[in-house]
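This briefing walks through selected contacts, surfaces and overall dimensions of one protein chain. Please read it alongside the sequence and the structure shown here.

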Amino acid sequence: DRRLFPVTVPVLIERNSYFVIHAESADLPARGNMGDFHKTRKKAYEAIHGKRKSGSRKAVANTLRKLKRVVDGSICFQSDKKSTYRSLLNKLYPETVDTIQFSKSSEPRIPGSLLFPINQTLAMMRDGMSRLVRRSWCHAKKRRSIDAHFWIWAAWRNYVRGITVLNLEETPAMVFGVTQKKWTVAELLRWKFFRLPFFVTL
């Protein structure tokens with residue numbers, strides 16, 4: 001529910017390959033400027049479950065920790081100006097964060113811009129995951145359903161789908177260096193992705 005039960009989904013990718021490293025959903029507080037109908041619903045929900053709290057910082061921290069599994073050496077981190085990023089990076093990677101580059105979210109989202117790779121990935125998520133398609137009855141009712149659907153999409157995106165329509169023969173996993181070939185859907189479905197394996201070759 002975009003108004004009463006919104007969620008956030010931090011997404012981490014490797015810029016050059018577009019390889020999706022991690023994402024997870026988290027609760028956000030209910031939004032303001034509600035009409036009487038939504039205020040009544042909110043009051044009834046809080047009477048049973050309590051006030052809704054933000055899980056954004058925890059989800060971002062969990063996502064950033066995944067870098068330790070795939071990065072050996074210095075890190076150049078690029079994103080928008082979310083206030084928690086710098087403090088979390090300095091805490092989690094005090095010696096390995098080489099450069100932190102921020103871009104205003106209002107800047108043009110065009111090829112070559114700082115945020116283009118992640119904006120492109122988020123757009124593909126919304127298009128490729130039916131649960132994220134806006135104004136649709138397919139939206140997820142539970143956060144765990146978003147997370148499960150995301151990892152199905154991420155596995156296909158990383159190992160099967162070409163990076164762009166102009167480069168369909170190379171997948172993000174090939175450019176990232178974790179496989180030497182483009183997987184077929186049949187090859188992908190032979191694996192059980194309890195956790196997405198980064199260093200697997202076929």
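Lys181 has a relative accessible area of 31% and is therefore partly exposed, since that value falls between the 20% and 50% cut-offs. In this predicted model, Lys181 is joined by a salt bridge to Glu187, with their closest N and O atoms 2.7 Å apart. Glu187, by contrast, has a relative accessible area of 13% and is buried, because that value is under 20%.

**Salt bridges**

- How many salt bridges does a search of the whole structure find? The search finds three, and the pair of Glu187 and Lys181 is one of the salt bridges in the model.
- Asp27, Arg52 and Arg143 belong to one network, joined by salt bridges that share partners.

**Aromatic contacts**

- A search of the whole structure finds seven aromatic pairs. Among them, Phe77 and Tyr85 form an edge-to-face pair, with 5.7 Å from centre to centre and 70 degrees between the planes; the label applies because the angle is over 60 degrees.
- Both partners of this pair are covered: Phe77 counts as buried at 8% relative accessibility, and Tyr85 counts as buried at 13%.
- Phe19, Tyr159, Phe176 and Trp183 form one aromatic cluster.

**Helix H1 and the residue after it**

- Helix H1 covers residues 36–49, and its 14 residues should span 20 Å at 1.5 Å a residue. The C-alpha atoms at its ends are 20 Å apart, which agrees with that expectation.
- H1 is hardly covered, for the count of buried residues among its 14 residues is zero.
- Gly50 follows H1 and has a positive phi, near 85 degrees.

**A nonpolar surface patch**

- Which residues make the nonpolar surface patch of about 310 Å²? The patch is made by Trp156, Val185 and Leu189.
- Val185, one of these residues, lies in helix H8 (residues 185–189) and counts as partly exposed at 45% relative accessibility.

- Asn167 is found in the loop between H6 and helix H7 (172–176), and at 25% relative accessibility Asn167 counts as partly exposed.
- The C-alpha atoms of Asn167 and Ser145 are separated by 31 Å, while the two residues are 22 residues apart along the chain.

**The chain as a whole**

- The secondary structure of the chain comes to eight helices and six strands, and from the N terminus on the elements run β-β-β-β-α-α-α-β-α-β-α-α-α-α.
- The radius of gyration of the chain is 19 Å, which is close to the 17 Å that the globule rule gives for 202 residues, so the chain is as compact as a globular protein of that length.
- Along its principal axes, the C-alpha trace of the chain spans about 55 × 40 × 35 Å.
- Of the 202 residues of the chain, 37% count as buried.

Notes:
Residues numbered from 1 in each chain as written. Predicted model: local features only at pLDDT ≥ 70, side-chain atom pairs only at ≥ 80, totals over all residues. Heavy atoms only, no water. Helix = DSSP H or I, 4+ residues; strand = E, 2+ residues; numbered from the N terminus. Expected span 1.5 Å × (residues − 1). Buried < 20%, exposed > 50% of the residue type's maximum accessible area, 1.4 Å probe, protein only. Phe/Tyr/Trp six-rings, centres within 6.5 Å; stacked < 30°, edge-to-face > 60°. Salt bridge = Lys/Arg side-chain N within 4 Å of Asp/Glu carboxyl O. Patch = residues over 30% accessible without salt bridge, like charges linked within 9 Å, V, L, I, M, F, W, Y side chains within 5 Å. Areas by Shrake-Rupley, 256 points an atom, 1.4 Å probe, with all protein chains shown as cover. Rg over C-alpha atoms; globule rule 2.2 N^0.38 Å.
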